[in-house]
Amino acid sequence: MHAAAPTDESPGLSVIVPVYNSESILTNLVARLEPVLRSSGGDFELILINDGSRDGSWAVVRQLVEQHAWVRGIDLMRNYGQHNALLCGLRAARFSTAVTMDDDLQNPPEEIAKLLAKLDEGLDVVYGTPQQRQHGLLRAFASTITKIVLQNAMGAETARNISAFRAFRTRLRNAFIDYRSPYVNLDVLLTWSTTRFTAIPVRHDPRAAGVSNYTLARLLLHALNMMTGFSTWPLRLASMAGFAFTLFGIGVLVYVVGRYMIHGTPVQGFPFLASIIAIFSGAQLFALGVIGEYLARIHLRGMERPTYAVRGIASRML
């Protein structure tokens with residue numbers, strides 16, 4: 001379930017922020033965003049998407065909506081994930097330019113002007129790449145793996161510089177307005193609309209409160225979802241592995257036959273035979289596992305599992 005996006009956008013700026021367990025940060029986030037948005041010189045709005053928070057985040061969002069006419073809130077039925085929440089907010093955006101950012105204030109609102117200035121140079125998407133990331137070693141490693149996967153899925157060098165801090169043309173959503181899969185990656189979807197990407201360095205502050213919800217395991221799972229959800233690279237890898245092991249099998253056959261013809265005795269030993277069987281069995285299971293991942297996604301699409309579902313909306317805007 002989702003609200004249909006407007007067919008055309010008015011000039012202005014829509015800031016989209018997924019919210020998850022951030023009740024202690026939201027008031028400060030809005031306070032820092034307000035002067036930045038007012039200085040933009042046009043119409044603006046802030047869309048806060050509560051992605052199944054387990055704390056009082058939605059209550060805080062509703063209070064902020066009552067206090068500020070330019071703030072809107074969307075409450076999702078459960079936690080669907082950051083990119084699903086972003087897609088929900090993007091479909092609800094009313095203005096011609098969209099900015100996405102995290103709710104933890106690691107993306108300084110004061111840096112939005114840099115993204116917008118670069119966007120005005122005729123680009124469609126501008127990423128704010130942190131000058132110095134405030135992450136640990138394992139988190140940085142997992143992020144690097146995810147970006148390598150995304151580079152393959154997006155087919156763009158800019159994928160290595162992506163971040164949650166983006167500015168882009170809202171009309172780009174028209175290329176994926178009917179997207180229905182539960183597996184969402186906004187960066188890949190944006191490539192369905194344009195190739196005019198770039199990235200600029202921006203400040204990256206320590207998290208204002210709490211800890212990141214992107215653990216090493218979640219990032220690796222996200223990378224797996226990107227590989228099987230938006231790329232055929234794993235299938236190609238399985239095909240190449242099958243071809244390589246076929247050549248290996250031919251080589252083993254040549255060795256066995258050659259040894260018999262030269263020495264008159266077959267290759268001896270159960271360990272040799274067991275090793276060959278184990279290698280080929282592993283290759284077959286690997287290929288079946290890759291195919292199974294794709295079949296699972298086809299199955300979920302056939303079930304028409306929703307990308308997200310909205311529980312409620314809070315807004316004072318007409």
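These legends describe close-up views of one predicted chain.

**Conventions.** Residues are numbered from 1 along each chain as its sequence is written. The model is predicted, so local features need pLDDT of at least 70 and side-chain atom pairs count only at pLDDT 80 or more, while totals for chains, interfaces and linings use all residues, and side-chain values use heavy atoms, with hydrogens and water left out.

**View 1. The whole chain and its confidence.**
The chain has 9 helices and 8 strands. Helices (H or I, at least four residues) and strands (E, at least two) are DSSP runs, numbered from the N terminus. Of the 318 residues, 48% count as buried. Buried means under 20% relative accessible area, exposed means over 50%, and partly exposed lies in between (1.4 Å probe, protein chains only). Among contacts between residues at least 6 apart in sequence, 84% join residues at least 24 apart. A contact means heavy atoms within 4.5 Å. The mean pLDDT of the chain is 81, and 74% of its residues reach 70 or more. Here pLDDT is the predictor's confidence in each residue, from 0 to 100. Over residues 1-7 the pLDDT is below 50. Beyond near neighbours in sequence, residues 1-7 have 16 contacts in the model. Where pLDDT is low, the predicted coordinates should not be read in detail.

**View 2. Helix α2 and its buried face.**
Helix α2 spans residues 57-67. Its buried residues are S57, W58, V60, V61, L64 and V65. Seen down the axis of α2, these buried residues fall within an arc of 155 degrees, so they line one face of the helix. The arc is that of the directions from the helix axis to the C-beta atoms. On the other side of α2, E66 and Q67 are exposed. The cover over the buried residues of α2 includes β1 (10-19), α1 (26-38), β2 (44-50), β3 (71-76) and β8 (310-315).

**View 3. The α1 and α2 pair.**
Two packed helices are described by the angle between their axes and the distance between the axes. The axes of α1 and α2 come within 10 Å and cross at roughly 35 degrees. Axes are lines fitted to C-alpha atoms, for helices over the stretch in contact, and angles run from 0 to 180 degrees between N-to-C directions. From α1, L26, T27 and V30 meet S57, V60, V61 and L64 of α2. By class, this contact of α1 with α2 has 5 nonpolar, 2 polar and no charged residues. Ala, Val, Leu, Ile, Met, Phe, Trp, Tyr, Cys and Pro count as nonpolar, Asp, Glu, Lys and Arg as charged, and the others, Gly among them, as polar.

**View 4. Two nonpolar cores.**
The largest nonpolar core has 35 residues. A nonpolar core is a set of buried Ala, Val, Leu, Ile, Met, Phe, Trp, Tyr and Cys residues joined through side-chain atoms within 4.5 Å. In the largest core, V15, L46, L48 and I112 touch the most other members. β1, α1, β2, α2, α4 (112-119) and β7 (197-202) each supply at least two residues of this core. Its largest share, 6 residues, comes from α1. Leaving aside neighbours within four places in sequence, I112 is in contact with L13, L33, V36, V99, M101 and F165. A second, separate core has 29 residues, including C88, I162, L189 and F197.

**View 5. I162 in its loop.**
I162 is found in the loop between α5 (137-154) and β6 (166-169). At 7% relative accessibility, I162 counts as buried. I162 and Y127 are 35 residues apart in sequence, yet 5.8 Å apart in space, C-alpha to C-alpha.

**View 6. Helix α3, under cover.**
Helix α3 (residues 82-92) is mostly covered, with 11 of its 11 residues buried. Among them are H83, L86, C88 and R91.

**View 7. Two loop residues with positive phi.**
Most residues other than glycine have a negative phi. Phi of N21 is near 55 degrees. N21 is found in the loop between β1 and α1, and at 25% relative accessibility N21 counts as partly exposed. L105 has a positive phi of about 65 degrees. L105 lies in the loop between β4 (95-100) and α4. At 2% relative accessibility, L105 counts as buried.

**View 8. I279 on helix α9.**
I279 is found in helix α9 (residues 270-303). At 34% relative accessibility, I279 counts as partly exposed. Leaving aside neighbours within four places in sequence, I279 is in contact with F245 and F248. I279 and F245 are 34 residues apart in sequence and 8.5 Å apart in space, C-alpha to C-alpha.
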